[in-house]
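My entries follow the order in which I consulted it.

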Amino acid sequence: MKRTCGRILAVVALVAGMATLASCNPEPDESDLYTATGETAADYIKRKSELTSFDYILTRVRLDRNLSSYGEYTVFAPTNEAIAAYIDSLYNDTECPVPHNSMTENSLEGLSDSLCNDIARYHLASGIHNTIELGGGGVNVNTMLGTPVTTEGTTDPIGRVTINNKAVVIQPDSLVTNGVVHVLNNVIPRSTRVLVSELERHEEYSIFVEALKMTGLADSLTRYKKDRTYTISDNTDTSGEPLYSPEECKIAFTIFAEPDVVMKENGINSIEDLIAYANRVYGGAAAWYDYPAEKGIAISTGNDYTNRFNALNMFVAYHILYAGMPETELVYEYTTKWLTTWNYVNGGEPYDYYETMLPHTILKIWQPQPGKILYINRYRTFNTLTDQLASYGSEGMHTLVRQGVRVARSTDTNLPYPTNIMTFNGYIHGIRGMLVYDDLVPKGVLHERMRFDSETFLPELINNGFRTSSSAEISVLNGGGSGSRVAFPLDYFDNVVSYTSENRFRTNVRGAYNAYQSDCFQGWGNYDLAVKMPPLPTGTYEFRLYYAPMSHGGMMQFYMGTSSNMQTMMALDIPLDVRIDKEDPRIGWTDFTLEDDQGVATDEAMRNRGYMRGPYGFKDHAENNESGLEYNMRRGHRNAGLRRILGRLNIKQSDEHWFRFKSVLPDETDLKWQLDFVEFVPIDVVDNDTYSEDWY
């Protein structure tokens with residue numbers, strides 16, 4: 001029997017193992033169909049003798065508590081025999097990079113905690129999904145692991161439902177007080193080879209796979225965790241309660257790959273054709289890609305494809321991100337999971353920027369309305385500028401110059417190749433066009449107000465699942481305590497440097513506080529740290545920090561430098577005291593809805609003092625609303641969001657840029673700092689004579 005390797009991730013981690021399992025097919029228990037007995041999902045699972053192994057797994061990671069509480073859950077519960085077969089496949093797996101998938105023995109008790117977390121979360125979903133919905137042509141159901149399962153109806157007379165082409169629902173639709181339970185004859189299978197090994201299995205991507213190997217970039221995609229474990233000296237919350245602290249750090253990647261059919265649509269029928277294409281696109285890239293010119297590096301069109309500045313290598317490298325994400329997490333989508341913490345205010349469209357493996361470059365992923373179509377490097381003129389107040393701008397001022405490269409989604413119909421492929425150390429997404437870093441990227445796509453959420457340029461938060469964890473999930477990690485924070489070792493992040501052992505690094509997870517994407521990197525103490533900023537095209541930018549005034553906030557001095565050496569850093573502006581109330585005359589915030597000019601004069605006065613209102617494009621949290629009214633960061637509620645203008649910076653693409661913030665109150669050790677998002681805005685966008693920045 002062919003075995004495949006299983007994942008070994010923490011609760012918030014990436015993926016679990018896949019195996020081809022021996023099938024067990026007991027007849028459906030008719031007494032359990034369409035019943036509602038007053039039991040919770042947890043009660044039902046504990047009562048069923050054939051589900052004791054699944055109950056053990058749920059209890060071991062405390063997810064049985066979730067299934068005992070109020071809510072709506074769909075539970076796909078594999079039988080004892082199914083789990084036993086799965087355990088055997090994991091332990092005897094010869095392809096996994098970790099011996100025995102980190103299991104201590106070939107038994108239920110031999111499963112690691114992270115494997116238990118993965119198995120449990122891949123079999124739980126929010127909301128109620130019955131077999132009428134799951135059958136027929138099938139649907140995609142997002143699981144608590146953040147990765148969807150695919151269902152379809154079988155053709156047998158019973159009309160059962162199959163999940164991921166393997167696990168069959170043998171006892172369907174057992175209704176409980178907080179959801180529905182479907183019993184399965186197999187653990188839901190998933191692919192868990194490392195990225196390139198998995199991509200090789202799909203002949204639809206043969207040309208791209210060959211390019212990956214020729215460039216040597218395939219070798220860079222075999223890593224799956226950092227080569228050290230971590231300890232933390234202080235893992236307490238502000239209340240004194242203990243917080244979860246990760247002991248290992250997973251590494252993952254995202255590959256965007258053109259399938260052969262897309263290559264052929266662009267006249268590329270072989271690797272030789274792709275090399276010629278890359279040479280045409282990147283041979284003259286020095287005209288817009290400033291990094292090699294600033295470093296004195298010549299772009300090569302020769303046959304040393306392992307040269308990082310060989311045209312083919314550049315082509316492939318721009319397809320790879322340092323963060324591994326399923327399709328549902330490429331942007332902060334408006335989904336039921338995050339219903340209370342984000343919506344498209346006045347037609348807003350979610351987007352994010354990510355660093356690629358092409359040195360010091362980023363790409364933009366954008367989900368324009370309507371629908372959930374994702375585009376890479378979509379470009380419209382004067383994006384983030386407007387000619388009308390409270391508007392994205394009149395229809396005529398924004399011309400769509402480039403639609404962008406569409407990301408193939410698992411929900412796309414009649415797709416002739418697989419996509420959203422989960423692997424041991426990341427995800428592979430098919431794309432429906434040729435992705436390149438050409439002149440329109442730095443000169444068009446990225447020539448706008450760029451807003452970077454901190455959790456997109458700290459890939460450890462993505463790769464270990466913290467960016468997508470809910471408060472309820474974090475509460476489980478914290479032993480049923482705080483659902484707001486996780487504690488991090490000071491050396492956990494590659495892009496963060498701590499200058500003192502008195503730092504306390506935390507993250508606020510989604511749903512905990514009002515924030516741009518409902519999460520932020522934060523900490524407290526007698527802090528002094530620096531965070532590496534995302535790479536940008538060469539130019540002059542206005543640099544802004546978003547923050548929320550708070551009485552327990554700190555007072556900090558900011559610096560910027562081209563390395564993490566604090567001695568070479570330049571101070572930015574005067575210290576910022578986030579304890580100053582937004583309505584203090586030193587800031588001058590007002591409720592613009594009470595002003596005849598919609599706050600235009602106040603906006604100008606605030607800007608003269610070095611401040612801007614928070615964006616209008618996302619709401620405050622639903623639980624903070626008063627009298628059913630909808631508040632947002634520009635209008636304000638409780639602690640309205642503000643942006644502090646920290647100065648104008650001359651940026652070189654070839655440099656690193658480290659943003660340092662240091663407490664200037666050494667006697668205060670419990671004041672908080674937050675890094676929610678930053679903005680880099682090209683100066684000609686800030687100073688545009690015709691248009692102004694939109695509110696969003």
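**Conventions.** I am working from a predicted model, in which local features need pLDDT of at least 70 and side-chain atom pairs count only at pLDDT 80 or more, while totals for chains, interfaces and linings use all residues. Residues are numbered from 1 along each chain as its sequence is written, and side-chain values use heavy atoms, with hydrogens and water left out. I take helices (H or I, at least four residues) and strands (E, at least two) as DSSP runs numbered from the N terminus. I count two strands as paired if DSSP finds at least two bridges between them.

**Seven-stranded sheet.** I looked up the strand order and found β2-β1-β7-β6-β5-β4-β3, an open sheet with mixed pairing. The edges are held by β2 (124–126) and β3 (140–142); each has a single partner strand, so one side of each is left without a neighbour in the sheet. From one strand to the next the twist averages 30°; axes are lines fitted to C-alpha atoms, for helices over the stretch in contact, and angles run from 0 to 180 degrees between N-to-C directions. I then examined β1 (residues 73–78) and β7 (residues 179–184), which run parallel and are joined by six bridges. Proline 78 has leucine 184 in β7 as its bridge partner.

**Asparagine 164.** I located this residue in the loop between β5 (161–163) and β6 (167–176). Its side chain makes a polar contact of 3.0 Å with that of tyrosine 122. By polar contact I mean a pair of N or O atoms within 3.5 Å; within protein, one must be able to donate a hydrogen and the other to accept it, and residues adjacent in sequence count only if both atoms are side-chain atoms. Beyond neighbours within four places in sequence, asparagine 164 is in contact (heavy atoms within 4.5 Å) with residues including Val149, Ile188 and Arg190.

**Five-stranded sheet.** I read the order as β19-β32-β25-β29-β28, an open sheet with antiparallel pairing. Strands β19 (450–453) and β28 (611–613) stand at the edges with a single partner strand each, so one side of each lacks a neighbour in the sheet. Helix α16 (residues 600–608) packs on this sheet and touches β25, β28 and β29 (642–651); its direction makes about 145° with that of β28. Five bridges join β25 (residues 539–547) to β32 (residues 677–682), and tyrosine 541 stands opposite proline 682 in β32.

**Second largest cavity.** I noted that 14 residues line it, with Tyr547, Met556, Val578, Trp673 and Gln674 nearest its centre; lining residues have an atom within 4 Å of a point, a cavity being a set of points on a 1 Å grid over the protein atoms alone where a 1.4 Å probe fits but cannot get out. The largest share of the lining, four residues, comes from β31.

Terms used. 1 Å grid on protein atoms, 1.4 Å probe; cavity = no way out; pocket = protein on both sides within 12 Å on 5 of 7 lines; lining within 4 Å.
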